[in-house]
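Reader: I'm new to this and would like to learn how to read a structure. Could you take me through it step by step?

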Amino acid sequence: QVQLVESGGGSVQAGDSLRLSCAASGLTFSSYAMGWFRQAPGKERELIATVRQSGATTYKDSVKGRFTISRDNTKNTVYLQMNSLKPEDTAVYYCAARRSDLLKYDSWGQGTQVTVSS
């Protein structure tokens with residue numbers, strides 16, 4: 001079955017950077033679109049960045065220009081480079097995979113905590 005394992009979270013100061021990684025197994029990675037979601041306390045989970053099989057990317061406005069999603073199909077890994085972090089970026093970050101024939105993400109990692117203090 002599909003397994004997604006995130007890493008790279010932590011506690012940082014505002015303005016710092018972090019890079020999250022998500023290692024995937026049990027799937028033909030290059031055939032899947034990948035996304036990063038986050039969920040802050042008391043809020044709904046939100047999609048913040050996607051990378052399609054072609055490498056095309058999309059971003060939520062609140063992270064555009066600060067976050068970069070990328071994928072390495074040779075390593076079955078998707079990354080989220082987060083720069084200029086703000087306290088409002090504090091959340092649990094999840095990676096997710098979407099099969100090309102599906103409209104919704106159907107495989108999820110366990111999440112990694114990112115805490116940004118001012």
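Author: Let's begin with charge: Lys and Arg count as positive, Asp and Glu as negative, while His and the chain ends are not counted. Each charge is placed at NZ of Lys, CZ of Arg, CG of Asp or CD of Glu. In this chain there are 14 positive and 10 negative side chains, and the centres of the two sets lie 3 Å apart. Keep in mind that this is a predicted model: local features need pLDDT of at least 70, side-chain atom pairs count only at pLDDT 80 or more, and totals for chains, interfaces and linings use all residues. Residues are numbered from 1 along each chain as its sequence is written, and side-chain values use heavy atoms, with hydrogens and water left out.

Reader: How many helices and strands does the protein chain have?

Author: Both are DSSP runs numbered from the N terminus: helices are H or I with at least four residues, strands are E with at least two. Here you get zero helices and 11 strands.

Reader: And why is the chain called as compact as a globular protein of its length?

Author: You take the radius of gyration over C-alpha atoms and hold it against the globule rule, 2.2 Å times the number of residues to the power 0.38. The radius for this chain is 13 Å, close to the 13 Å the rule gives for 118 residues, so the chain is as compact as a globular protein of that length. Along the principal axes, its C-alpha atoms fill a box of roughly 40 × 25 × 25 Å.

Reader: Is Trp36 buried or exposed?

Author: Buried means under 20% relative accessible area, exposed over 50%, and partly exposed in between, using a 1.4 Å probe and protein chains only. Trp36, which lies in strand S4 (residues 32–39), is buried with a relative accessible area of 0%. Across the chain, buried residues make up 42% of the 118 residues.

Reader: Which residues is Ser107 in contact with, leaving aside its neighbours within four places in sequence?

Author: Contact means heavy atoms within 4.5 Å. With those neighbours set aside, Ser107 touches Val2, Leu4, Cys95, Ala96 and Ala97. Ser107 sits in strand S10 (residues 107–108) and counts as buried at 11% relative accessibility. For the whole chain, take the contacts between residues at least 6 apart in sequence: 55% of them join residues at least 24 apart.

Reader: How many salt bridges are there?

Author: A salt bridge is a side-chain nitrogen of Lys or Arg within 4 Å of a carboxyl oxygen of Asp or Glu. That rule gives six of them. One of them pairs Lys60 with Glu46, at 3.5 Å from N to O. Lys60 lies in the loop between strand S6 (57–59) and strand S7 (67–72) and Glu46 in strand S5 (residues 46–51), so this pair ties together parts 14 residues apart in sequence. Lys60 is partly exposed at 33%, and Glu46 is partly exposed at 24%.

Reader: What does the Asp89 and Arg66 pair tie together?

Author: Their closest N and O atoms are 2.7 Å apart. Asp89 is in the loop between strand S8 (77–82) and strand S9 (91–99) and Arg66 in the loop between S6 and S7, so the pair ties together parts that are 23 residues apart in sequence. Asp89 and Arg66 are both buried.

Reader: How far apart are the closest N and O atoms of Arg99 and Asp101?

Author: They are 2.6 Å apart, in another salt bridge. Arg99 is partly exposed at 34%, whereas Asp101 counts as exposed at 53%. Salt bridges that share partners also join Arg38, Glu46, Lys60, Arg66 and Asp89 into one network.
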